[in-house]
Amino acid sequence: HKVNLMSGCVGGGGAESSGLPLMLKLHGIFMVAGWLGCIALGQYLARYLKAAVPGWLSYHAKLQSFGVLLMLAGLRCAYDLVGGWSISGRHQTLGVFILIGACLQPLVGSLAHWRFNAQRLAPPWWPDKVHWWIGRLVFVGAVVNIFWGVQMAGVQAAFWIAVLWIAMLAAFVVYQERQDHARRQETAFPSSSAFDDIHGHSSLDLPSAGQDSGLVNKRASRMRERKLFAAFCLLTVGFLLVFAYVLATSDPEAASD
């Protein structure tokens, strides 16, 4: 089989065209490792674990930055494969918008960090919430584009592995959202995901009027969240290894954009 990124199709070919080109495999592996690995972990950390992970902002920035570098490496592989730049299909077109958003994110995030004010009552729309929503939209677009790319390559096993990973991520997110809802009900304060700022200051971190049991419960909750995140990291690494192996050893089936 031969993959034509210019047209977004996989077609038959002679013996010399069987299998996926090396640059296409590397393109897929770098993009999946960047978006479904580093950037997904960094966003999960920033969204749910501000109070549970000391120094979360540094980890978040490093994970996001490394994810963008992997994305750029994948983009270079695509450039070498095609022999130039081409925007001729939905996968390539969406990829341009994702690239723009991914490059804007570090700038907007840095601005939010520099403009942080510990006295504010809630994070402002600009630049904090704009940073949040660009990140969410770009990540969703990247997930969609990964599925389109795997379909174009015709590797059905890799497609279903990615589906399983998304289902796992959804399960973790639903669990964390339910935990936030339970905290709101118990404390009558907004959840950390609603009012945490970029430095992790939260209404949940207010003193508990000397109630030792409340402090013990808070520590236990944060320990559970750290263990859950560790499990999420291990599962993500396992997914990336399996995905890379399947893509590297695959013989694509016929597919089209």
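1. In the class counts below, Ala, Val, Leu, Ile, Met, Phe, Trp, Tyr, Cys and Pro are nonpolar, Asp, Glu, Lys and Arg are charged, and the others, Gly among them, are polar. The model discussed here is predicted.

2. The second largest pocket has 25 nonpolar, nine polar and one charged residues in its lining. Its volume is about 730 Å³. Of the 35 residues that line this pocket, His27, Met31, Leu75, Ala78 and His91 lie nearest its centre. Two or more lining residues come from each of helix H1 (22-48), helix H2 (56-82), helix H3 (90-114), helix H4 (125-153) and helix H7 (212-248).

3. Searching the whole structure for cavities of 30 Å³ or more gives one. The volume of the largest cavity is about 30 Å³. Its lining consists of Tyr175, Gln176, Gln179, Arg224, Glu225 and Leu228. By class, the lining of the largest cavity divides into two nonpolar, two polar and two charged residues.

4. One of its members, isoleucine 100, is placed in helix H3. Is isoleucine 100 partly exposed or buried? Isoleucine 100 counts as partly exposed because its relative accessibility is 46%, and the partly exposed class lies between the 20% limit for buried and the 50% limit for exposed.

How values were computed
Residues numbered from 1 in each chain as written. Predicted model: local features only at pLDDT ≥ 70, side-chain atom pairs only at ≥ 80, totals over all residues. Heavy atoms only, no water. 1 Å grid on protein atoms, 1.4 Å probe; cavity = no way out; pocket = protein on both sides within 12 Å on 5 of 7 lines; lining within 4 Å. Points joined across faces, edges and corners; volume = space filled by probe spheres on them. Helix = DSSP H or I, 4+ residues; strand = E, 2+ residues; numbered from the N terminus. Buried < 20%, exposed > 50% of the residue type's maximum accessible area, 1.4 Å probe, protein only.
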